[in-house]
Amino acid sequence: MGGIGRQKKWLEQLCQQWYEPVLRYAHTQLRDVEAAREVTQETFLIACEKQALLAQHPNPGGFLFTTARNLAKNRRKQAFLQMAREPLTADGQLPEREDPEAGLERILDQAVDEQDWIEEVLSRLEPEKYRLYALHYLEGVPMKEIAQRFGLRPEAVRMRYLRLRREIREIAAAVAEENFPV
């Protein structure tokens, strides 16, 4: 086996041994699955770039965890700085931000006749989650008003909607898989 084959095998072994532990660690640091996946991928990209040095490193796992920690720390710092630069509303609150994925979702949604499948997806939600969905997306009630109705902080309501959107995506994926298998 040539040098390139050995390098590839070494990288595969490194990934097999350390990918899940680094991912779990990144998740504990960021508390967001997608962000943790991105940090983990960045960590292993750096490992690939520094493979020659890493192969000689006395503790490759320590290198990976340190790299993941630094990337997570930078991600949190960037998010904090971005939030600190946002102007406050007249009542001293942070403005509601559109989900960054919303633009892409709108484009993808236009390509699907959602009325055919929306009832199937929504019927799989728990009643409380369906009511939350209906208030904002069907009745158009602002999140701030929903927070007041339920005696919750606006941030808590935004988090519930974030989780609800993720759950709906997962349910929609399951419905798509059941009805449109590849």
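Author: Helices here are DSSP runs of H or I with at least four residues, numbered from the N terminus. In this predicted model, the elements run α-α-α-α-α-α-α-α-α from the N terminus on.

Reader: Nice to meet it! How many helices and strands are there in the protein?

Author: The protein has nine helices and zero strands.

Reader: Why is Thr40 called buried?

Author: Buried means under 20% relative accessible area. Thr40 has 0% relative accessibility, so Thr40 counts as buried. Across the protein, 24% of the 182 residues count as buried.

Reader: Where is Thr40 placed, and which residues does Thr40 touch beyond four places away in sequence?

Author: Thr40 sits in helix α2, residues 33-49. Leaving out residues up to four places away in sequence, Thr40 touches Tyr19, Val22, Leu23 and Ala26.

Reader: Now the second largest pocket: how much space lies in it, and which residues are closest to its centre?

Author: About 240 Å³ of space lies there. Its lining has 13 residues, and Glu128, Lys129, Leu132, Arg160 and Leu164 are the closest to the centre.

Reader: Which element gives the largest share of that lining?

Author: That is α9, with five residues. The lining of this pocket divides into six nonpolar, no polar and seven charged residues.

Key:
Residues are numbered from 1 along each chain as its sequence is written. This is a predicted model: local features need pLDDT of at least 70, side-chain atom pairs count only at pLDDT 80 or more; totals for chains, interfaces and linings use all residues. Side-chain values use heavy atoms; hydrogens and water are left out. On a 1 Å grid over the protein atoms alone, a cavity is a set of points where a 1.4 Å probe fits but cannot get out, and a pocket is an open set with protein on both sides within 12 Å along at least five of seven lines; lining residues have an atom within 4 Å of a point. Grid points are joined across faces, edges and corners, and a volume is the space filled by probe spheres set on the points. Helices (H or I, at least four residues) and strands (E, at least two) are DSSP runs, numbered from the N terminus. Ala, Val, Leu, Ile, Met, Phe, Trp, Tyr, Cys and Pro count as nonpolar, Asp, Glu, Lys and Arg as charged, and the others, Gly among them, as polar. Buried means under 20% relative accessible area, exposed over 50%, partly exposed in between (1.4 Å probe, protein chains only). Contact means heavy atoms within 4.5 Å.
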